[in-house]
Amino acid sequence: MDFKITPVSLDRINTGDHTYRITTKTEKDELALSISAIGLLQPPVLMKNRHGYTVVCGFRRIQACTSLNIAKIPARILDAHYPKIACAQMAISDNSSQRLLNIVEQSRAYALVSRFADRSTAWRGIVESAGLASNQTAIDRILPVAGMPDALQDAILEGSIALPVALSINRLKTDDARILCNFFKQVGAGLNIQRELLALVSDISLRDDIPIAMLLEQSDLTDIMCNADFSNPQKIQYLRMNLKAKRYPELSKAEASFKQELKALDLNPRVQINPPQFFEGTSYRLCLRIDSRRQLKFLQSELDKLVGHPNLLPE
């Protein structure tokens, strides 16, 4: 590769141009300590432009040198006409050779290659050489992450929003996506709960013709989120109950009424009765836990309570 190592003033490097940036790492202290102690062992790769230089590889190294107030650094210089796809490959390889790329870094790598190359055999070869999946399903799943707002990318990295949910959020209006991102970062739930909450919020918003941002700012929801006396599991439970009541008001009333009537019966814990799902149909499931005939006889009075209740079961 035709490099020319040249001293370059840091003020001539355009660190605001993130065309070739793959890394999501921002920590510079550890790197700065190393450079301060033994110098810059691996010069960054820069490309000439009209006003100075574009960074191809070495964003964190340049950032660390800047923090050390170093005026000039050695750099490997590429000609302004150097092929952009080769620069992309270099940037990806420089990062993937140091560590496994996270989801956001993978998406940036895919986006970078797709920007400068068509979906040809060469494109697949570049992706595979960086250790990335080259099948279309994986690419289509990960590539949109590169276009997400920084806050949503950060949420994926920290694990507060699962990738499938982040992809759904990213399709929404900007304000809705922003507040949902903050909402899920506060909730701290797993994938299935995130999917359930997102579906409930989206359905209510569509039915009532109310922006998601406005819905999640309603006082009954914000009171749950801000209540310092609730543990996180409690907050999740109350959010689910609240949103289900908004989404399915009649079902929620039926569930509440059934639970109230059942609680009033004060049944033995060995007797369990469950209504049909969504209270659709008339088949109830009765479960008895017994260890002997004597225990079954003892529980007969509990069954009589169910038989004698006028409202709990249909005729």
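Visitor: Where does α15 bend, and by about how much?
Guide: At glutamine 300, by about 30°. The bend at a residue is the angle between axes fitted to the seven residues ending there and the seven starting there. One caution before we go on: this is a predicted model, where local features need pLDDT of at least 70, side-chain atom pairs count only at pLDDT 80 or more, and totals for chains, interfaces and linings use all residues. Residues are numbered from 1 along each chain as its sequence is written, and side-chain values use heavy atoms, with hydrogens and water left out.

Visitor: What makes α15 a helix, and how does its reach compare with the span expected?
Guide: Helices (H or I, at least four residues) and strands (E, at least two) are DSSP runs, numbered from the N terminus. α15 covers residues 293-308, 16 residues.

Visitor: Which residues of α15 are buried, and what covers them?
Guide: Gln295, Leu299, Glu302 and Leu306 are the buried ones. Buried means under 20% relative accessible area, exposed over 50%, and partly exposed in between (1.4 Å probe, protein chains only). Their cover includes α14 (249-265), β6 (271-274) and β7 (285-288).

Visitor: Why is the pair of phenylalanine 183 and phenylalanine 184 called edge-to-face?
Guide: The two ring centres are 5.3 Å apart and the planes stand at 70°, so the pair is edge-to-face. Phenylalanine 183 counts as buried because its relative accessibility is 7%, and phenylalanine 184 is buried too, at 1%.

Visitor: And why is the pair of phenylalanine 230 and tyrosine 238 called tilted?
Guide: Their centres lie 4.8 Å apart with the planes at 50°, so this pair goes down as tilted. Phenylalanine 230 is partly exposed, with a relative accessible area of 25%, and tyrosine 238 counts as partly exposed at 31%.

Visitor: What makes something a pocket, and what is the volume of the largest pocket?
Guide: On a 1 Å grid over the protein atoms alone, a cavity is a set of points where a 1.4 Å probe fits but cannot get out, while a pocket is an open set with protein on both sides within 12 Å along at least five of seven lines; lining residues have an atom within 4 Å of a point. The largest pocket has a volume of about 540 Å³. Grid points are joined across faces, edges and corners, and the volume is the space filled by probe spheres set on the points.

Visitor: How many residues line the largest pocket, and which lie nearest its centre?
Guide: The lining has 22 residues, with His18, Arg21, Thr23, Arg108 and Asp150 nearest the centre. The elements giving two or more residues are α2 (59-67), α4 (103-116) and α7 (150-158). α4 gives the most, with five.

Visitor: What stands out about the phi of asparagine 69?
Guide: Phi is positive there, about 60°, although asparagine 69 is not a glycine. Most residues other than glycine have a negative phi. Asparagine 69 sits in the loop between α2 and β5 (72-78).

Visitor: Why is asparagine 69 called exposed?
Guide: Because its relative accessible area is 70%. Aspartate 209 is another non-glycine with a positive phi, near 55°. Its place is the loop between α10 (191-208) and α11 (212-216), and aspartate 209 is exposed, at 71%.

Visitor: Is valine 201 buried or exposed?
Guide: Buried, because its relative accessible area is 0%. Valine 201 lies in helix α10. Leaving out residues up to four places away in sequence, valine 201 touches Leu180, Ile212, Leu215, Leu216 and Leu243, where contact means heavy atoms within 4.5 Å.

Key
Expected span 1.5 Å × (residues − 1). Phe/Tyr/Trp six-rings, centres within 6.5 Å; stacked < 30°, edge-to-face > 60°.
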